[in-house]
Amino acid sequence: MKTFTRWLRSCARYIGAATLVVGGLLLGAPPASAQSCIQDVWQAHGNTQSLTCTANDVTLSSATNLCIVVSPPGGPRDLNNDGCQDPNLQGQLTCVSGQPFTFTADFTMPLTAQARYDLGLYIATDGGGNDGALTGLCAPNVVTAANSSTFINKDSPPDICGDIDAAHNPQVIHQTITTTCSDTNGDNKVNLPWCTTWRQPGANEACDSGTFTTAGTFDAYPGSPSKCNCGTLDIDVFLETASITVVKEAVTPTVLETGGSVTYSVAVTNNAQVSDVDLDSLVDNLYGDITTTGHNGITATTCTLATIPAESNDPGGLNPYTCQFTVTVGAGDTGDTITDTVTACGTDDFGHSNLCDDDPAVVTYIDVSTPPSLAKTATATQAVAVDVQYSVSVSNNSTVDTLTLNSLIDDKFGDITAVAGNVQSTTCAVPQNIAAGGNYTCSFVGRITTTGLHTNVLDGAASDDDGVNYGAPPLQDSAQVNISVTFP
C-alpha cells in the first residue's frame with residue numbers, strides 16, 4: 001500500500017481531477033503521460049527492488065506497416081485521402097526533428113526462450129532518456145485480442161493479456177503512438193526507445209481489467225527485476241531537413257555573334273513536406289547577385305529572396321519559386337558558348353541553414369553573315385587610251401569576321417594578279433586576309449587593242465572565318481573605257 005501510494009505521489013502531476021483513488025485502487029485510467037514509468041508501474045504492484053532488465057526472453061524486432069497520421073486526412077501530404085502521409089519524392093516517410101508525430105505500426109515481438117506470459121510493450125514518447133524507455137514518458141500496452149492478429153492466451157479468465165510460446169512466435173501488436181521525432185545515433189532515422197515485459201512460470205499473476213480499466217495496461221509488469229528487455233529500434237521514418245533543387249534555363253538559348261541580350265529563367269523547389277525555406281541568396285557565377293540590376297550586365301530581374309512554402313502548405317502554387325533575369329553579353333565567334341551557373345541557398349523553419357543547390361545554363365553564339373562589296377574604276381594612262389590602269393578595292397563589311405580574298409578574275413584580261421596576256425603590270429595578289437571592317441586595294445594596267453566602248457567585268461571569290469563563301473553578285477563590278485581615234 002505504501003509503495004503504491006508513493007507511485008501515485010510521484011506521478012501526481014499527470015493524474016487528472018476525474019481520477020479517484022479508493023482503498024488504494026486507481027479507478028479510471030490516468031492519462032497516457034502518467035502511464036509511462038515502467039519502473040513506477042513495477043513498484044506500484046508492491047515491488048521495492050529496482051528493475052535490472054537483463055533478460056532478453058522477449059524482444060522488439062521491427063515496426064512495419066507504418067502509417068504517419070495526417071489529421072485531418074487529405075491535402076498535399078495525403079493525396080489518396082487515407083489519413084496516412086504519402087512518401088516524399090525519395091520514397092520516404094518523414095517527421096520534423098524535435099517535433100511530435102503520431103503513427104501506427106505493427107510491432108513484432110519475438111520469443112527467445114520458453115513460453116512467457118502477459119506481454120507488455122513500453123514505447124518512449126519523449127525520445128527516451130539515458131536509460132531509454134525504462135523511465136521517462138512512455139506509451140504502454142499489452143497484447144490483447146483487440147490489437148493483435150497473432151493473439152494467444154494460455155491463461156484462464158479473467159486473464160485477458162496475450163502470451164507467447166514456440167508455436168505462436170512472434171507476437172504482433174498493432175498500436176498507435178505519439179512520440180518525438182528524434183535521432184539519437186545520427187543515422188537520420190527515427191530511433192524508438194522501447195522496453196518489453198513478461199512474466200515467467202511461478203510469477204504469472206492474473207492480468208485483467210478489474211483493477212485498471214484500460215485493458216490491463218498497468219498489469220503489464222515484469223515477473224521479476226530481470227524480466228524485461230530495453231533497447232532502441234530504428235524505424236523507417238526519416239528526420240526532415242529541408243532541401244532545395246535549382247533548375248536554370250536559357251529562355252534565349254542563342255545570341256548573335258555580334259552580342260546582344262539574353263534572358264534566363266530560374267526555378268527553386270522546396271522539397272520539404274512541412275518546412276518552409278527562406279532564400280538567403282541567389283547568385284550567378286558570372287553575373288553575381290541576380291536579385292539586383294545595374295551590375296555585371298544585368299539589365300532586368302524579377303528574382304527576389306522569397307519564402308518558398310513546403311509541399312504540404314502551398315495553396316498558392318508558390319513552390320517551385322520561379323523568376324527571370326536578363327543580361328547583355330558581348331560579341332563572340334560562331335559556335336562559342338557562354339556557360340554560367342546560378343546557386344540558391346536558404347534556411348528552413350527549423351534553423352537548418354546553407355541549404356544550397358545550383359544548375360548551369362548554356363547560350364550559343366550564332367553566325368551573322370554580312371556580304372562584302374567590290375568596286376572597280378578605270379583610268380586611262382595614255383592620251384591615246386590604249387593602256388588603261390584599273391583600280392580594285394575589296395571591302396570587308398563584317399564587324400566580327402575576317403575575310404579571305406581568294407581570286408580576282410577579269411572577263412577580258414583574265415587573272416589580274418599575274419602579268420600575262422594583256423595584263424601589262426599589277427599590284428594585285430591573292431590570297432589576302434582582310435580584317436573585319438577593313439579593305440584591300442590594288443591596281444593593274446590592261447592593254448586595250450580595239451576602239452570603241454570597252455566594258456570589262458571583274459569577279460572576286462572570298463570566304464569568311466565561319467566558312468561562308470562569297471562570289472558574284474557582291475564580289476563583282478564592271479568598268480568602261482571608250483577608245484576613239486582622231487585623224488588629223
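Which residues have the most contacts inside the largest nonpolar core? The legends below take up this point and then move on to a sheet and some ring pairs. This is a predicted model, in which local features need pLDDT of at least 70 and side-chain atom pairs count only at pLDDT 80 or more, while totals for chains, interfaces and linings use all residues. Residues are numbered from 1 along each chain as its sequence is written, and side-chain values use heavy atoms, with hydrogens and water left out.

**View 1. The largest nonpolar core and its residues Y264 and V268.** Y264 and V268 are the residues with the most contacts inside this core of 31 residues. A nonpolar core here is a set of buried Ala, Val, Leu, Ile, Met, Phe, Trp, Tyr and Cys residues joined through side-chain atoms within 4.5 Å. Buried means under 20% relative accessible area, exposed over 50%, and partly exposed in between, with a 1.4 Å probe and protein chains only. At least two core residues come from each of β11 (244–250), β13 (260–270), β14 (277–284), β18 (321–329), β19 (337–348) and β20 (355–366). Strands are DSSP runs of E of at least two residues, numbered from the N terminus. β18 gives the largest share, 5 residues.

**View 2. An open sheet of 5 strands with mixed pairing.** The strand order is β4-β10-β9-β6-β7, where two strands pair if DSSP finds at least two bridges between them. β4 and β7 (138–142) are the edge strands, each with a single partner, so one side of each has no neighbour in the sheet. From one strand to the next the twist averages 40 degrees, taken between N-to-C directions on a scale from 0 to 180 degrees, with axes fitted to C-alpha atoms.

**View 3. Strand β10 between two partners, β4 and β9.** With β4 (residues 93–96), β10 (residues 228–240) pairs in the parallel sense over 4 bridges. Here C95 is bridged to L239, and V96 to E240. With β9 (residues 189–199), β10 pairs in the antiparallel sense over 9 bridges; T197 has C228 as its bridge partner.

**View 4. Y264 beside Y287, with K248 over the face of Y264.** The ring centres of Y264 and Y287 are 6.3 Å apart and the planes stand at 40 degrees, so the pair is tilted. Rings of Phe, Tyr and Trp (its six-membered ring) pair if their centres lie within 6.5 Å; planes under 30 degrees apart count as stacked, over 60 as edge-to-face and the rest as tilted. The partners are 23 residues apart, with Y264 in β13 and Y287 in the loop between β14 and β15 (288–289). Both tyrosines, Y264 and Y287, are buried. K248 lies 4.0 Å from the ring centre of Y264, and a charge sits over a ring if NZ of Lys or CZ of Arg is within 6 Å of the ring centre and within 35 degrees of the ring normal.

**View 5. F413 and F444, an edge-to-face pair.** Their centres are 5.8 Å apart, with 70 degrees between the planes. F413 is buried at 8% relative accessible area, and F444 is buried too, at 1%.
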